[in-house]
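Reader: I am new to reading structures. Could you take one part of this model and go through it slowly, with its charged side chains in view?

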Amino acid sequence: MLQLVLSNKAGQTTQKVARILSRIAVGDRIPTVTALTEECQTARGNIQLAINNLRQAGAVGLEAHGQNGTILTDINYHVLANICGVKNLVGSMPLPYTRRYEGLATALFTLLNNEEITNLIAFMRGSEARVHGLLEGRANYCVMSRMAYQEYCRRGTPIREVLDCGAQTYVGRHVLLTRPGFSGKWQGCRVGIDESSVDQSYLTRTFFKDKNVEFVPAQYTQFMTMLQKGKMDVGIWNEDDLDGQGTSIECRPLSLTEETRNDDDRAVIVVQKDDMLVNHLLREYLTVEKLTDVQRQVMSGERVACY
């Protein structure tokens, strides 16, 4: 019966009301029929039918309190997701070129694929691309560092944190790579910078802000080749990616100041700011303990990466 209703105008209204109610906490008052009518731009009859649909489907429990309004007494996000057509989640994260990222991808794939929901992961280089994909609706959630998340919040980007995965879940640490034969003098040296990465560009500009250097725009993945060919002198890189490289490029510790000590190693999972439905779904399945346990197993070789 519900599927028949969802095929018409009232059904579209049911989906809109479902999204609105997903933003309400159990115990709080839901918007009035008049308010829902205005927000959904539809007739009162469609709103009333939508509310009845949701109650009959077991998506919400509601209790009338006269002049005090109607209270949300229960909510089932899985049923709401099914009504809204959210049966498959799509997430985006960095390319899995390190064991740490492979572990993170495996954790997300494992924990978000079950009898109730499925999850696909798109791998995209650069936090800018991942955030654009999220805001354009091509992904339901994305992964970035806490440093990047804080920068997007500063810009006013409409995203919301679902889970901070903890220290060293994104990278081990960032380091300075220098070309073979580099003198070590910063004056006039050529420094690689990848503007598509909030982390890399922020760390680079902050670390070298008082030094007279030349910034060389390049993709992060090209740094190693450019250093070997002498096209740049220095680049800030993820140390995890050095495993098995076997090059003569020198790796130096990146001495972070308080200004640059900004949680660049912590993975954060984010959604669109108003997408409380996906926010709640992710929170039901993901915990720091479960995620980091799978990631650790992949990194130690106890578990085969699967994503």
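Author: Start with a definition: Lys and Arg count as positive, and Asp and Glu count as negative. The place of a charge is NZ of Lys, CZ of Arg, CG of Asp or CD of Glu. On that basis the protein chain has 34 positive and 35 negative charges, and their mean positions are 4 Å apart. Keep in mind that this is a predicted model.

Asp265 is buried, yet has no salt bridge. What does Asp265 touch instead? Leaving out residues up to four places away in sequence, its contacts are Gly166, Ala167, Gln168, Thr169, Tyr170, Val171 and Gly172.

Asp194 does form a salt bridge, with Arg125, and the closest N and O atoms are 2.7 Å apart. The two residues are 69 apart in the chain. Asp194 is in the loop between strand E8 (190-193) and helix H9 (198-207). Arg125 is in the loop between strand E4 (118-123) and helix H7 (127-135). Arg125 is partly exposed, at 28%.

Next, Arg173. Its side chain meets that of Glu239 in a salt bridge, 2.7 Å from N to O. Arg173 lies in the loop between strand E6 (159-164) and strand E7 (174-178), and Glu239 in the loop between strand E10 (234-238) and E11, so the pair ties together parts 66 residues apart in sequence. Both are partly exposed: Arg173 at 39%, Glu239 at 26%.

Another pair is Arg138 and Glu136, at 2.8 Å from N to O. Here Glu136 is exposed, at 55%, while Arg138 is partly exposed, at 47%. There is also a network of salt bridges, which links Glu128, Glu151, Arg154 and Arg155. The structure holds 19 salt bridges.

Last, the setting. The protein chain has 12 helices and 12 strands. Of its 307 residues, 49% are buried. Among contacts with a separation of 6 or more, 74% join residues 24 or more positions apart.

How values were computed. Residues numbered from 1 in each chain as written. Predicted model: local features only at pLDDT ≥ 70, side-chain atom pairs only at ≥ 80, totals over all residues. Heavy atoms only, no water. Buried < 20%, exposed > 50% of the residue type's maximum accessible area, 1.4 Å probe, protein only. Salt bridge = Lys/Arg side-chain N within 4 Å of Asp/Glu carboxyl O. Contact = heavy atoms within 4.5 Å. Helix = DSSP H or I, 4+ residues; strand = E, 2+ residues; numbered from the N terminus.
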